[in-house]
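Please open the model in your viewer and keep the selection tool at hand, as this tour moves from one selection to the next.

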Amino acid sequence: MYSIIRKFLFLFPPETIHDILFSFLKVACKLPGFLTFISFFWGARAPQEPKELCGLRFCNSIGLAAGFDKNGELIEFWEALGFGHMEVGSVTSLPSQGNPKPRIFRLREQESILNRCGLNNDGAKQVALNLQKARKKKMIIGVNIAKTHSPEIIGRAGVRDMLDSYVLLAPLADYVTLNISCPNTREGKTFEDPVLLEELLREVHALRYNTPLFLKLSPILTERGLEDVINISLRWGINGFVVSNTLPYEHETFGRGGLSGLLLQESSSHLLQKLKDLLPSECLVVASGGVLTAENFVERLHLGANLVQIYSALIYRGPSILKEMLLLSKN
Ligand SMILES: Cc1cc2nc3c(=O)[nH]c(=O)nc-3n(C[C@H](O)[C@H](O)[C@H](O)COP(=O)(O)O)c2cc1C
């Protein structure tokens, strides 16, 4: 059934159809009975033992990855589909239009997506309002925070920019993910740089919020880079890691961007394995990257992921993939 719907959806450019569907769903979700209908016909209610992690109760292991609902506008809809958690964002302190369009490209043959969105979002204040309005019941909501996409905001100002979002959003989130793969210097160094990371985490720690804190890592971190990130993170009480973000790539037709989907699968699971070897067992690991099938989902759990997030699978396989994943993991 989804293969027919997909043919129609793929007639439109990716971001156009994304925006059309969001506009439709925002209205539809307000109609009485719509969410019950979605939950009844599409919702993944296949049984999986709830997981208690970092003091949070996840009703299943599948989450919607950051970037799909950047502003947290359809929280009730994702809950009706059966997600155990979702990551709103990336949210930045200041609202941003992001890079010029087109900036999302389907690589259909490879079941992958290339994007260079440039952190388009409505800004932390608006997202805070959306989170306050959301009528979710049991889905866990993480908020993914990044530095405002501006070459003017770097170094110390970059840290302050992240903290501004953190102060606004952490009290409204079940957990916070710091997206530390964004540049914070003129040379393009990210918060994965040990000096910058130490400074950021020291300041976050000083605020003494109780919200569990995760870091989202790039799949191209070197062995040494990963060890540094882990050592610093453990010193400052980081609760978990999301592995991974998109894979930087220069496409011959579409230009530069980050890869998601099948083309990210190998590097993302490789990083997951390296991380599991280096981390103490109480540290939570969320897998993200190239989880397209129910088998991929179970593999990541076997590699030691506590939770798994999807993005491309929803585009290429449709919402019923959740049910397939939960059913296979039960068997
Ligand atoms: C169009 C698009 C936008 C994204 N935006 C964000 C973002 O704002 N913040 C973030 O941390 N990850 C973002 N991601 C990365 C996803 O959260 C996810 O880590 C990545 O797509 C790998 O998962 P997948 O292979 O299941 O798609 C984005 C991905 C795509 C395709």
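How do the residues of the shell around the ligand divide into nonpolar, polar and charged? They divide into 11 nonpolar, 14 polar and 2 charged, where Ala, Val, Leu, Ile, Met, Phe, Trp, Tyr, Cys and Pro count as nonpolar, Asp, Glu, Lys and Arg as charged, and the others, Gly among them, as polar.

This is a predicted model, in which local features need pLDDT of at least 70 and side-chain atom pairs count only at pLDDT 80 or more, while totals for chains, interfaces and linings use all residues. Residues are numbered from 1 along each chain as its sequence is written.

Stay with the ligand and select Ala65, Gly67, Ser260, Tyr311 and Ser312, which come nearest of the 27 residues around the ligand; a residue is near if its C-beta atom, placed from the backbone, lies within 6 Å.

Next, select the open sheet of 4 strands, whose order is S5-S6-S12-S11 with antiparallel pairing. Strands (E, at least two residues) and helices (H or I, at least four) are DSSP runs, numbered from the N terminus, and two strands pair if DSSP finds at least two bridges between them. Strand S5 (104-107) and strand S11 (247-251) stand at the edges, each with a single partner strand, so one side of each has no neighbour in the sheet. Between S11 and strand S12 (residues 255-261) there are 5 bridges, and Tyr249 has Gly257 in S12 as its bridge partner.

Finally, select helix H9 (residues 262-278), which packs on the sheet and touches S5, strand S6 (112-115), S11 and S12; residues are in contact if their C-beta atoms, placed from the backbone, lie within 7 Å.

Definitions and conventions. Contact = placed C-beta atoms within 7 Å. Axes fitted to C-alpha atoms, helices over the stretch in contact; angles between N-to-C directions.
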